[in-house]
Structures are given as structure tokens and as C-alpha cells.
Amino acid sequence: MKPAVAKWLEFAEIDLRAARQLLGEVGLSSVVCFHAQQCVEKSLKALIEFKGLNPPKSHDVIMLFGQVDDIIELEEDTLAKLNQIYIDARYPASLSLLPEGPPDLEDAKGFCEFDEEVYNRATALL
């Protein structure tokens, strides 16, 4: 495995572990969701690197997925929600992180399941 691919996966795993560690902590659902987004982003960048491309300096997981959708299938609705989580978590002036309001524990659990699935599938491909 190329060192850059391994490094992206290492960083993705750190975010995966952080999300798991924080899951269930009162008031930290948005932080859990942020780390889930970061895990997915870095897993996708590992796949982009694996294909011999340079990962763009972007946090848009839909755009990143478009570069690897020939080797992995993912649910684009969840990717779109993760995009919104990332953007709104970085800019606190936003009133909500999802259309229905801030993420709750169930949202966080769902995103944690998704990020683990993406990480595991990327790791298996590489």
C-alpha cells in the first residue's frame, strides 16, 4: 500500500475512534457527526490516492465520492447530510446543522454506522 494511502486511512481511523469515543456524551452529537464526516472524507481521499490521483483540498464528500464512484457505492443522501454537518459545524452562526435541527443522538449513531461502513469498505478495497 502506498504510504499516502496508508496515512489517509490512519487519519480516517482516528476520526472513527473519536466519533465512537464521544458517542453518547451529553451535548456532543454535533461533534460526533463532525468526526464521522471527517472519517468519510479521509477514507474517500485514501481511495482517490489509491487510484493514482491527487486528493483535492476539499471537504465536499459528494465531490470526492464522484472521483471514486467507479470502485465504491455509497448512499448519496447520507453524503449530502454529512456535507451539511461539516459546513454548519465549522460556522456556528448557522442555526441548525440539519434541515430538521441540530443532530441528536440517533443522528450521531446513524452517521457513526455510516462512517464505519465507509472506512471498512475502503480498507477492504485497498
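At 55% relative accessibility, Asp70 counts as exposed, where exposed means over 50% relative accessible area, buried under 20% and partly exposed in between (1.4 Å probe, protein chains only). The structure is a predicted model, in which local features need pLDDT of at least 70, side-chain atom pairs count only at pLDDT 80 or more, and totals for chains, interfaces and linings use all residues. Residues are numbered from 1 along each chain as its sequence is written, and side-chain values use heavy atoms, with hydrogens and water left out.

The side chain of Asp70 meets that of Lys51 in a salt bridge, with an N to O distance of 2.9 Å; a salt bridge is a side-chain nitrogen of Lys or Arg within 4 Å of a carboxyl oxygen of Asp or Glu. Asp70 lies in the loop between H3 and H4 and Lys51 in the loop between H2 and H3, so the pair ties together parts that are 19 residues apart in sequence. Lys51 is partly exposed, at 32% relative accessibility.

The chain has 5 helices and 0 strands, and its pattern along the sequence is α-α-α-α-α. Helices (H or I, at least four residues) and strands (E, at least two) are DSSP runs, numbered from the N terminus. Of the 126 residues in the chain, 42% are buried. Contacts (heavy atoms within 4.5 Å) between residues at least 6 apart in sequence join residues at least 24 apart in 59% of cases.

The chain contains 9 salt bridges by the stated rule. Glu10 is partly exposed, with a relative accessible area of 37%, and Lys7 is partly exposed at 41%. In helix H5, the side chains of Glu106 and Lys109 form a salt bridge at 3.7 Å, N to O, and this pair is likewise 3 residues apart, about one turn of the helix. Glu106 is exposed at 54% relative accessibility, whereas Lys109 is partly exposed at 34%. A network of salt bridges links Arg20, Asp115 and Glu116.

Helix H5 covers residues 105-125, and its 21 residues should span 30 Å at 1.5 Å a residue, which agrees with the 30 Å between its end C-alpha atoms; the expected span is 1.5 Å times one less than the number of residues. At the start of H5, a side-chain oxygen of Asp104 comes to within 3.1 Å of the backbone nitrogen of Glu106. The buried residues of H5 include Phe111, Phe114, Asp115 and Tyr119.

Two further buried positions lie in other helices. Val5, in helix H1 (residues 3-22), is buried at 2% relative accessibility. Residues up to four places away in sequence aside, Val5 touches Ala46, Glu49, Phe50 and Leu126. The C-alpha atoms of Val5 and Leu47 are 7.3 Å apart, although 42 residues separate the two in sequence. Ser29, in helix H2 (residues 29-50), is buried with a relative accessible area of 13%. Beyond its neighbours within four places in sequence, Ser29 is in contact with Pro103, Asp104, Leu105 and Ala108.

Conventions
Polar contact = N/O pair within 3.5 Å; in protein donor to acceptor, adjacent residues only side chain to side chain.
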